[in-house]
Amino acid sequence: LGDPEVKVLSENQAYREIEKLSASRANKGKVLDALEEAMDVAVQNVPDIAGDTFSSSDNSGSMGSTISEKSSVNRQDIANLLQSILYTKSKNGLVSIFGDHFKFKTFSRRNMLDNVNSIVNNEVGSSTNAWLTIDRLLHDKTKVDRIVIISEEETYNSHWGGDKTIAGLLAEYRRKINPNVYVYMINVAGYGTSSVHQDDPR
C-alpha cells in the first residue's frame with residue numbers, strides 16, 4: 001500500500017486494509033499513514049468542485065449494516081468517507097451528518113480518514129430524518145450551489161406531528177434561497193427508493 005507505483009490503484013484496497021487493522025494492531029499506524037497517502041493520490045483524479053457545496057451523510061442506526069456478508073465495513077463508513085472526499089475537492093464546503101437530529105461537522109482537507117474517525121457512532125441518533133438537512137439551510141438562509149445527501153434513502157420524519165419532507169423543503173429552498181441549486185442524492189444501499197422527484201431537472 002505504501003509503494004508509490006501502486007498508490008493510484010490503492011483506493012480499491014482501502015477497505016480490505018481497514019478490515020485487517022483489528023488483526024494487526026502493531027502495524028495500525030503504518031497502515032493508516034500509507035492508506036492516507038494512497039487516498040491523497042487517488043483523489044487527485046477527482047475534478048475540483050467549484051462554488052459552494054453543502055453535504056450531509058446519513059448516520060442513522062440502519063447505516064451500521066455492513067455492505068456485504070463478507071465485509072466488516074458498513075454503510076456509514078462509506079457515506080462518511082465519500083463526504084470527506086467531496087469536501088476535500090470542494091472549493092467551499094459545508095459538511096454535516098443527520099439521524100434523529102442534524103449536526104454540522106468540521107473536516108480537514110488533509111486527513112480524510114481522520115474526518116471519518118471523528119464521527120462517533122450514534123452521534124446523531126438512530127432515526128433517518130434527512131429532511132433536517134435542507135430545513136437547516138432554510139433556517140440559516142444559507143445559499144449554496146449544490147446539495148449532496150449520502151444515504152440509504154430509507155428516510156422519513158420521526159418528529160411528533162411532523163410532515164416535512166426533503167422534496168417539500170427543497171421546493172421551498174428554491175423559492176426562497178436559490179432557484180438554481182443542484183441536488184445529488186447518493187444511495188449507498190440500492191433499495192430503489194428516492195427522497196426527491198425522479199423528474200427533478202436539477
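In the predicted model, Glu123 and Lys105 are both buried. Their side chains meet in a salt bridge, with an N to O distance of 3.0 Å. The pair links distant parts of the chain: Glu123 belongs to the loop between helix H4 (112-117) and H5, Lys105 belongs to strand E3 (residues 102-105), and 18 residues separate the two. The count of salt bridges in the model comes to seven.

A second salt bridge is formed by the side chains of Asp135 and Lys164, again described by an N to O distance of 3.0 Å. Asp135 is located in helix H5 and Lys164 in the loop between E4 and H6, so this contact ties together parts of the chain that are 29 residues apart in sequence.

The secondary structure of the protein chain comprises six helices and five strands. Read from the N terminus, the elements follow the order α-α-β-α-β-β-α-α-β-α-β. The chain has 202 residues, of which 44% are buried.

Packing between helices was examined for H5 and H6. Two packed helices are described by the angle between their axes and the distance between the axes. Helix H5 (residues 131-140) and helix H6 (residues 166-176) pack at an angle of about 20°, and their axes are 9 Å apart. H5 is therefore roughly parallel to H6, as angles under 35 degrees fall in that class. The crossing of H5 and H6 is left-handed.

Two pairs of residues illustrate the relation between separation in sequence and separation in space. Arg75 is part of helix H3 (residues 75-89). The C-alpha atoms of Arg75 and Val188 are 6.6 Å apart, although 113 residues separate the two in sequence. Arg75 is classed as buried because its relative accessible area is 13%, and the buried class covers values under 20%. The other pair involves Ile147, a residue of strand E4 (residues 146-151). Ile147 and Leu94 are 53 residues apart in sequence, with a C-alpha to C-alpha distance of 9.6 Å. The relative accessible area of Ile147 is 0%, and the residue is therefore buried.

On the surface, a nonpolar patch is formed by Leu82, Tyr182, Tyr184 and Ile186, which together have about 340 Å² of accessible area. Strand E5 (residues 182-187) makes the greatest contribution to the nonpolar patch, with three residues. Ile186 is placed in strand E5. Its relative accessibility is 33%, so Ile186 counts as partly exposed.

Asn122 has a phi value near 65°, which is positive in a residue other than glycine. Asn122 is situated in the loop between H4 and H5, the loop that also holds Glu123. With a relative accessible area of 44%, Asn122 is partly exposed. Lys141 likewise has a positive phi, near 55°, in a residue other than glycine. The position of Lys141 is in the loop between H5 and E4. Lys141 counts as exposed because its relative accessibility is 66%, and the exposed class covers values over 50%.

Technical notes:
Residues numbered from 1 in each chain as written. Predicted model: local features only at pLDDT ≥ 70, side-chain atom pairs only at ≥ 80, totals over all residues. Heavy atoms only, no water. Patch = residues over 30% accessible without salt bridge, like charges linked within 9 Å, V, L, I, M, F, W, Y side chains within 5 Å. Areas by Shrake-Rupley, 256 points an atom, 1.4 Å probe, with all protein chains shown as cover. Salt bridge = Lys/Arg side-chain N within 4 Å of Asp/Glu carboxyl O. Helix = DSSP H or I, 4+ residues; strand = E, 2+ residues; numbered from the N terminus. Buried < 20%, exposed > 50% of the residue type's maximum accessible area, 1.4 Å probe, protein only. Axes fitted to C-alpha atoms, helices over the stretch in contact; angles between N-to-C directions. Parallel < 35°, antiparallel > 145°, perpendicular 65-115°, else oblique. Left-handed = near helix turned anticlockwise from the far one by under 90°.
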